[in-house]
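My notes follow the order in which I checked things.

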Amino acid sequence: MKLTYHWEGDYLIPDLIPPKAPHIGIWGKRRQRFLRTHQRPTYDAMIMNGMLNAHLEEVDQAAEKMLDQLMIKMAEREGLAETLKAANQMEWVQQMNSIRNAAEEVVMNDLICA
């Protein structure tokens with residue numbers, strides 16, 4: 001590993017670049033909490049192998065994609081359309097919140113707690 005330095009006054013300071021911080025959203029954090037509390041040996045092994053952050057990023061992306069797809073399919077099945085949104089916004093919001101809650105429950109059961 002080659003280090004580079006720069007001068008600051010009379011001192012040579014190493015140019016240290018921190019590692020890239022992982023982008024872990026809500027689903028990755030929920031997966032981490034699940035592993036830490038219910039599957040501790042797997043969690044510890046992933047930390048020691050350096051695979052935990054990559055796993056959490058992957059789960060987070062997959063969960064977001066799954067949630068979006070489920071919400072679209074459920075909205076189509078329920079017959080929610082832009083006409084309802086224009087006619088009765090409160091009803092549309094209530095139904096969309098119900099669909100989102102159901103989709104989040106599916107993601108939690110099928111992906112996060114699996």
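**Helix packing and cores**

I began with the handedness: H1 passes H5 in a right-handed crossing. I note that I am working from a predicted model.

Next I looked up the geometry. Two packed helices are described by the angle between their axes and the distance between the axes. For H1 (residues 26-38) and H5 (residues 89-112) I read an angle of about 50 degrees, with the axes 11 Å apart. That angle makes H1 oblique to H5.

Then I listed the residues that meet. From H1 I have Trp27, Arg30, Arg31 and Phe34. On the H5 side I have Glu104, Val107, Met108, Leu111 and Ile112. I sorted this contact by type: six residues are nonpolar, three are charged and none is polar.

I turned to the cores. In soluble globular proteins, nonpolar side chains tend to be buried together. Which residues have the most contacts inside the largest nonpolar core? I found Met96, Ile99 and Val107, in a core of 15 residues. Helix H3 (52-78) and H5 each supply at least two residues of this core. H3 gives the largest share, seven residues.

I followed up Met96. I left aside its neighbours within four places in sequence. Met96 is then in contact with Met71, Ala75 and Leu80.

Last, I noted a second, separate core of seven residues. Among its members are Leu35, Tyr43, Met46 and Leu56.

Note on methods. Residues are numbered from 1 along each chain as its sequence is written. This is a predicted model: local features need pLDDT of at least 70, side-chain atom pairs count only at pLDDT 80 or more; totals for chains, interfaces and linings use all residues. Side-chain values use heavy atoms; hydrogens and water are left out. Axes are lines fitted to C-alpha atoms, for helices over the stretch in contact, and angles run from 0 to 180 degrees between N-to-C directions. Helices (H or I, at least four residues) and strands (E, at least two) are DSSP runs, numbered from the N terminus. Angles under 35 degrees count as roughly parallel, over 145 as roughly antiparallel, 65 to 115 as roughly perpendicular and the rest as oblique. A crossing is left-handed if the near helix is turned anticlockwise from the far one by less than a right angle, and right-handed if clockwise. Contact means heavy atoms within 4.5 Å. Ala, Val, Leu, Ile, Met, Phe, Trp, Tyr, Cys and Pro count as nonpolar, Asp, Glu, Lys and Arg as charged, and the others, Gly among them, as polar. A nonpolar core is a set of buried Ala, Val, Leu, Ile, Met, Phe, Trp, Tyr and Cys residues joined through side-chain atoms within 4.5 Å. Buried means under 20% relative accessible area, exposed over 50%, partly exposed in between (1.4 Å probe, protein chains only).
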